[in-house]
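Thank you all for coming. I would like to walk you through one structure this morning, beginning with the overall picture and then moving to some individual residues.

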Amino acid sequence: MPLSRRGREILSRVPGGSLQSAIGVGCEIVRHEELCIGCGSCAKDCPSGASRRGDFFDVRQLLDAPHDSRRGELGAALRRLMQHDPDGPVEVPERVTVYRTVVYDVEKCLGCGTCARACPADAIEARPPQTAAVPPHAAAAGRVGA
C-alpha cells in the first residue's frame, strides 16, 4: 500500500526525500474490523484525527464476526437474546463508550502507528511501507557518497 497523502507530505520534508528507517513514519495501517471491540483507544490517541469514534453501533459487525473472535462470541450471545434481525446501525447514547463504530479516514492518516500501539485487541497493524527492492550494490554505492 502506498503512503497516504499526509505520509507523502511528511516524506517530502525529510532531507533528501528518503528515510533511513520506515518504522513509525508512513507505515501501512491495516485494520482488522472483525477483531475490533469498538473501545475507541485508536481514536483517542490518533494525533491526526484519522480515526474517530462514530455515533453508531453496527449490530451486523457483531453478528457477522468470526465465531472464534471476541466479537463473534458477543454476537452469538446477542443472537440468543434477539427477537428479530436489526434493521441497521443503532444510534448510541454519548455515555456508552464501547462497541461504537470507528470511522477511519485514510487521507488524514500519518502512518505513525499510534493506533496500532493503543489497540488492546490487536485489531490494527502498522506495517512498514512496501518499497521497491534496491540491489545491494546500489545501496552500498549510495552510502559511500553520503
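Let me begin with the surface, and please keep in mind throughout that what you see is a predicted model. The accessible surface of the protein comes to about 9500 Å², and carbon and sulfur atoms account for 55% of that area. Of the 146 residues of the protein, 32% count as buried.

As for the secondary structure, the protein has six helices and six strands, and if you follow the sequence along, they come in the pattern α-β-α-β-β-α-α-β-β-α-β-α. If we then take the contacts in the protein with a separation of 6 or more, 77% of them are between residues 24 or more positions apart.

Now to the interior. In soluble globular proteins, nonpolar side chains tend to be buried together. Here the largest nonpolar core has 14 residues, and the members that touch the most other members are Ile29, Cys42, Cys115, Cys119 and Ile124. There is also a second, separate core, made up of five residues, including Phe57, Val59, Leu62 and Val92.

Let me stay for a moment with Cys42, and ask which residues Cys42 is in contact with, once its neighbours within four places in sequence are left aside. The answer is Arg31, Ser51, Val102, Cys115 and Ile124, and of these, Cys115 and Ile124 were already named among the core residues that touch the most other members.

Arg31 brings us to the charged side chains.

In one of them, the side chains of Arg31 and Glu33 meet, at 3.3 Å from N to O.

Another salt bridge joins Lys44 and Asp45, with the closest N and O atoms 3.7 Å apart. Lys44 is exposed, with a relative accessible area of 67%, while Asp45 is partly exposed, with a value of 33%.

The remaining one is between the side chains of Glu125 and Arg127, at 3.2 Å from N to O. Here Glu125 is partly exposed, at a relative accessible area of 29%, and Arg127 is likewise partly exposed, at 34%.

To return to where these two topics meet, Arg31 is a partner of Glu33 in a salt bridge, and Arg31 is also in contact with Cys42, a residue of the largest nonpolar core.

Conventions. Residues numbered from 1 in each chain as written. Predicted model: local features only at pLDDT ≥ 70, side-chain atom pairs only at ≥ 80, totals over all residues. Heavy atoms only, no water. Helix = DSSP H or I, 4+ residues; strand = E, 2+ residues; numbered from the N terminus. Buried < 20%, exposed > 50% of the residue type's maximum accessible area, 1.4 Å probe, protein only. Contact = heavy atoms within 4.5 Å. Areas by Shrake-Rupley, 256 points an atom, 1.4 Å probe, with all protein chains shown as cover. Salt bridge = Lys/Arg side-chain N within 4 Å of Asp/Glu carboxyl O. Core = buried A, V, L, I, M, F, W, Y, C linked by side-chain atoms within 4.5 Å.
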